[in-house]
Amino acid sequence: MRNLKHYEELLSRASGDTADKPAQELTDDLYQKIAAEMNLSETAFITRINPSDSFTTGSRFRLRWFTPTTEVNLCGHATLASAAVLFQYKKNVNPVLVFETRSGDLTVTQRGEGYVMDFPLNLPTQENPSEFRDIIKAAVGNHPVEEVYLSSNTKKLLVRLDDSCDSSVLTSLKVDPIALQRSERSGRVTGLILTMKGSPDCQPGYDFYSRYFAPWNGIPEDPVTGSAHTVLAAYWSEKLGKKKMLAYQCSSRGGELELEVRDDGRVNIAGQAVTVLQGTITV
């Protein structure tokens with residue numbers, strides 16, 4: 001499968017031990033302050049579960065993700081970055097790493113120069129668009145909408161633009177995060193997925209496009225979102241009748257995702273990671 005390319009701030013998203021002080025000694029408040037200082041979509045914190053393990057020999061770690069304002073239950077690109085840090089910089093000797101998270105055990109497997117993430121699949125249910133009229137208006141204006149689905153488990157609302165829309169409609173949308181947040185205060189939604197059908201017959205053959213906004217969690221727009229694709233993969237697999245799909249998240253930075261929906265109710269997301277920054281945090 002083709003690799004998903006995340007040009008993310010790899011090391012600033014994935015933090016292990018800081019000098020001689022293990023990350024597990026830090027408080028939740030300090031985790032949150034560090035994430036706010038990083039001011040990225042998510043900052044990941046890796047801690048050892050077994051004190052006798054090192055980041056080189058251990059195969060199981062605890063992983064948590066914080067946005068600038070809150071801790072979240074699932075994050076794809078920061079999981080990818082975490083595995084990449086352990087494999088590339090800590091020279092972890094295991095072919096498979098297991099992360100204990102709020103979403104259960106997540107495994108990341110090395111495959112060539114990339115990685116395969118094993119994530120849960122979150123099938124959304126169809127909703128009446130009128131129930132979300134304000135948030136839809138704030139996000140897409142007067143553009144026609146095909147369907148609206150909600151993943152209650154992840155609190156992600158999926159809004160599919162009509163098939164008559166060109167992909168430029170999605171990419172050119174100017175979504176005001178403040179207006180978006182004000183349009184939905186019920187607590188049912190903490191993330192908005194905008195999506196549309198792709199053009200698999202045209203190179204490179206994307207099955208669908210998407211963008212993702214989560215101002216309720218301090219994220220105006222996320223560049224590439226693994227957690228959103230646990231919902232998107234479930235939705236589009238059913239609509240397209242396909243298990244393997246190629247997707248593109250068309251934020252300003254953008255990212256290509258290869259997805260494989262499995263029969264056991266999970267999804268594989270393959271990817272690569274590129275390091276753009278290394279540093280030391282003083283706490």
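## A buried glutamate to start with

E71 counts as buried, at 16% relative accessibility (buried means under 20% relative accessible area, exposed over 50%, and partly exposed in between, with a 1.4 Å probe and protein chains only). E71 pairs up with R102 in a salt bridge, where the closest N and O atoms are 3.2 Å apart; the term stands for a side-chain nitrogen of Lys or Arg within 4 Å of a carboxyl oxygen of Asp or Glu. The two partners come from distant parts of the chain, 31 residues apart: E71 sits in strand β5 (residues 71-72), and R102 in the loop between β6 (96-101) and β7 (104-111). Helices (H or I, at least four residues) and strands (E, at least two) are DSSP runs, numbered from the N terminus.

## What you are looking at

This is a predicted model, where local features need pLDDT of at least 70 and side-chain atom pairs count only at pLDDT 80 or more, while totals for chains, interfaces and linings use all residues. Residues are numbered from 1 along each chain as its sequence is written, and side-chain values use heavy atoms, leaving out hydrogens and water.

The chain is assigned domain 1 (1-118 + 267-282) and domain 2 (125-264), with bounds that come from an automatic or database domain assignment. Their C-alpha centres lie 25 Å apart. Domain 1 puts 24 residues into the contact and domain 2 puts in 23, contact meaning heavy atoms within 4.5 Å. About 2,000 Å² is buried between them, with carbon and sulfur atoms giving 49% of that area; buried area is the accessible area (1.4 Å probe) that two parts lose on being put together, summed over both.

Which salt bridge spans the interface of domain 1 and domain 2? The rule finds one there, and D118 and R262 form a salt bridge with their closest N and O atoms 3.2 Å apart. Nine residue pairs are in polar contact between the domains, both residues at pLDDT 80 or more. Such a contact is a pair of N or O atoms within 3.5 Å; within protein, one must be able to donate a hydrogen and the other to accept it, and residues adjacent in sequence count only if both atoms are side-chain atoms. On the side of domain 1 that touches domain 2, β1 (5-6), α3 (76-89) and β17 (266-273) are the elements giving two or more residues, and β17 gives the most, with four.

In one of them, the side chains of D207 and K242 meet at 2.6 Å, N to O. D207 is in the loop between β12 (191-197) and β13 (208-214) and K242 in the loop between α7 (226-240) and β15 (244-249), so this pair ties together parts 35 residues apart in sequence. D207 is buried, at 4% relative accessible area, whereas K242 is partly exposed at 29%.

K243 and D263 meet in a salt bridge too (3.4 Å, N to O). Here K243 is partly exposed, at 42%, and D263 is exposed, at 75%.

## A closer look at T195

T195 lies in strand β12 and is buried, with a relative accessible area of 0%. The T195 side chain reaches the backbone oxygen of Y209 at 2.6 Å. Leaving aside residues up to four places away in sequence, T195 touches a set of residues including L158, F208, L232 and W236.
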